[in-house]
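Here are my notes for you, point by point. Have the structure open while you read.

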Amino acid sequence: MPSAPTKLYADDVSLLVVLLDTNPFFWSTSSLPFSKFLSHVLSFLNSILLLNQINQIVVIATGCNSCDYIYDSSLSTNPGIENGKLPALCSELLKKLEDFVTRDEQLNKQQSQSLPPTTTSSLLSGSLSMALCYIQRVFRSGPLHPHPRILCVQGSSDGPEQYVAIMNSIFSAQRSMVPIDSCYIGSNNSAFLQQASYITGGVYQKPQQLDGLFQYLSTVFATDLHSRTFLQLPKSVGVDFRASCFCHKKTIDMGYICSVCLSIFCKHHKKCSTCGSVFGQAQTDVASASNLKRKTPES
Amino acid sequence: MNNGNGRRLNGETEEDDDDEGSEGDLDAWERTYADERSWESLQEDESGLLRPVDNKTLYHAQYRRRIRSLSSQATTSRIQKGLIRYLYIVVDLSRAAAEMDYRPSRMAVVAKHVEAFIREFFDQNPLSQLGLVTIKDGIAHCLTDLGGSPESHVKALMGKLECSGESSLQNALDLVHGYLNQIPSYGHREVLILYSALSTCDPGDILETIQKCKKSKMRCSVIGLSAEIFICKHLCQETGGSYSVAMDESHFKELILEHAPPPPAIAEFAIANLIKMGFPQRAAESSIAICSCHKEAKVGGGYTCPRCKARVCELPTECRICGLTLISSPHLARSYHHLFPIVPFDEVSSSVLNDPHNRLPRSCFGCQQSLPNPGNKPSLRVACPKCKQHFCLDCDIYIHESLHNCPGCESFRHSKTPIATEE
């Protein structure tokens, strides 16, 4: 990456990592067709690059069976500078996206031959982890670097099996002070993304009208971190941080926590069903790995 | 250095610092030239040009040694850890803490790193509580009670940094023992002593006190700043803690931050119990209530205790009215990575790297940095044993220290195993 002179590094230089949801299970049932969605997103990405000469964009696709990097604006060769035009990111991005979707579908076919499809969620934890690794690399690149943030454009519902991994990513983003914005285009609200945006200080929005997606993206999500201090952005309402109990999966506001494995129960039990510890007695030996069962509750 | 020797022979004491434990006549800044000799680590290549000093592989080698020593204690990756900890930090403010072998003085360095440790401790153990005790003039004072808010501890510590007198290990242990006996039985009792002095001045038999601590199942660890002392070593051996002596400031920081993640739990030490906790909802933005911590009316943005409906300002906390522990589900989630740790990555061996039949990925899976194809140099890439993806050294460190997720395992559906979740 060419190093820009110091005076170009104003407060609003940003690195935007966009996590695009390409889950076919969601897009087949969505009211907005994928092609229209892409045209909104591409215009938005172009507008970000226009806002500042040294803004940077990275696009990671979140599929149903895999995640991959699609586009990195700092890597593209720009022959367009001679003509005075900006490099068009459309062709490169679209080609790579198409390759990715084809590969993902292949993996889906392989999966469904061996196991029946159990879940229709996309692998958000994978793309969040990759985005955070990339952002750490940017932090290491020197004292002058753009301010990074993550934008999750997601439509699929939450996969409860990814809860721990997503929470780990959220806490790591919070420590590195990287906000996670969420633009949720699915039907019900996503609890994971609401928590992510609340904990990291990002913006969560579920656009009311998907035809005008570009408007929502460019007015809310194109704002850089410095400008957010004096802009009125949608406030978070009603983030529910209550937990659900392991036995009935219902949300509780008062419960019992096992002091060994932190499982949540709504009623008093004699024995913890997750780690096998007997309550009220001194334990005789460390619980072996086989006792520590792992469960997937349906949400 | 000649000047230093000359001054000493004259018997004059300048305002040079007492360099305990070193050659005796070199200042700390002089030691970096005389002892550490950084110029000797430069190497030249065939044409006589300087090769850049490769700090990255050194750092990574240190990191891997540490990971290996931590994981060698655990036979399986899921060893039980004491997640609900009640820790007392004992800071030695005796005369020895005014020594200036750590810049500007031992006391200032200790205070700075204790502040960083407190924040890291609450970050990694949100359900735990911490208290501070100081030793001054042979008497131990309790600086702050066991509590869960980092700000109050840090403020109290920074306000009281004066040192004098002798240090008394037994008085400190007696005081902490009295306090830790009152905590619930499911909590793990721990003491971390930051000891600068070389002796202890006790009113009675310290060995009896050590036995008392051992019977109460308190795990005492000591970090020494001067030299190894037998009584500290004995204390740590008896109670199952760890004893280490810091060599310099960065080593001290490393040693103290090692105590932030929960230690492996000794099974008989804490009784498993079900703890009643509340998950309060955030109050509506326009509600007005008198908050129970500041005793004044506040508008919006607090939490309501589900049992007694009192308003609290922040979580995690204990409701002042009814005593219920109040937390939110992300606080529990912060501790999950201790329960489900990820496996350390393996170095990719040079036989695999040099094999021309293997198609090696050219960039790190996490950050897309290009991984150089090494010739004879040690390998600069690591691979996850589960998903077989290659990562660069920096991503390896970041993943294991901060992220606790392998991007490769998370990005492929077939390698996922179901895990316990709450939502």
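The points below start with chain B as a whole, then turn to particular spots in both chains.

1. First, a reminder that we are looking at a predicted model. Chain B has 14 helices and 19 strands, and 47% of its 423 residues count as buried. If you take the contacts in chain B with a separation of 6 or more, 63% of them come from residues 24 or more positions apart.

2. On domains: chain B is divided into domain 1 (85–266), domain 2 (278–331) and domain 3 (346–415). Between domain 2 of chain B and domain 3 of chain B, the C-alpha centres are 46 Å apart.

3. Have a look at helix α4 (residues 106–124) of chain B and helix α5 (residues 150–159) of chain B. Their axes come within 10 Å and cross at roughly 170°. Angles over 145 degrees count as roughly antiparallel, so that is what α4(B) is to α5(B). From α4(B), the contact uses A111(B), K112(B), V114(B), E115(B), I118(B), R119(B) and F122(B). The α5(B) side brings P150(B), E151(B), H153(B), V154(B), L157(B) and M158(B). Sorted by class, that contact has eight nonpolar, one polar and four charged residues.

4. How much of helix α13 (residues 393–403) of chain B is buried? Ten of its eleven residues are, so the helix is largely enclosed by the rest of the structure. Among the buried ones are D394(B), D396(B) and H400(B), along with L393(B), I397(B) and L403(B). Just after α13(B) comes H404(B), with a positive phi of about 60°.

5. Two cis peptide bonds in chain B deserve a mention. One runs from R103(B) to P104(B), with omega near -10°; P104(B) sits in the loop between β3 (85–92) and α4 of chain B. Another runs from L315(B) to P316(B), with omega near -5°, and P316(B) is in the loop between β14 (311–312) and β15 (317–318) of chain B.

6. Now the aromatics: over all chains, the structure holds twelve aromatic pairs. Take Y163(A) and F192(A), whose ring centres are 5.6 Å apart with the planes at 45°, so the pair is tilted. Y163(A) belongs to helix α6 (residues 163–175) of chain A and F192(A) to helix α7 (residues 191–200) of chain A, so the pair ties together parts that are 29 residues apart in sequence. Both Y163(A) and F192(A) are buried. Elsewhere, F26(A), W27(A), F34(A) and F37(A) form one aromatic cluster.

7. What is L225(A) in contact with, leaving aside its neighbours within four places in sequence? The partners are H147(A), P148(A), R149(A) and P179(A). L225(A) and P148(A) are 77 residues apart in sequence, yet 8.6 Å apart in space, C-alpha to C-alpha. L225(A) is found in the loop between α8 (213–221) and β7 (243–244) of chain A, and is partly exposed at a relative accessible area of 25%.

8. Last, some backbone angles to check by eye. M177(A) is not a glycine, but has a positive phi of about 60°. You will find M177(A) in the loop between α6 and β5 (180–184) of chain A, exposed at 69% relative accessibility. K295(B), not a glycine either, also has a positive phi of about 60°. K295(B) lies in the loop between β11 (288–290) and β12 (297–299) of chain B, and is exposed with a relative accessible area of 59%.

Definitions and conventions:
Residues numbered from 1 in each chain as written. Chains lettered and ligands numbered in written order. Predicted model: local features only at pLDDT ≥ 70, side-chain atom pairs only at ≥ 80, totals over all residues. Heavy atoms only, no water. Axes fitted to C-alpha atoms, helices over the stretch in contact; angles between N-to-C directions. Helix = DSSP H or I, 4+ residues; strand = E, 2+ residues; numbered from the N terminus. Parallel < 35°, antiparallel > 145°, perpendicular 65-115°, else oblique. Contact = heavy atoms within 4.5 Å. Nonpolar A, V, L, I, M, F, W, Y, C, P; charged D, E, K, R; others polar. Domains from an automatic or database assignment. Phe/Tyr/Trp six-rings, centres within 6.5 Å; stacked < 30°, edge-to-face > 60°. Buried < 20%, exposed > 50% of the residue type's maximum accessible area, 1.4 Å probe, protein only.
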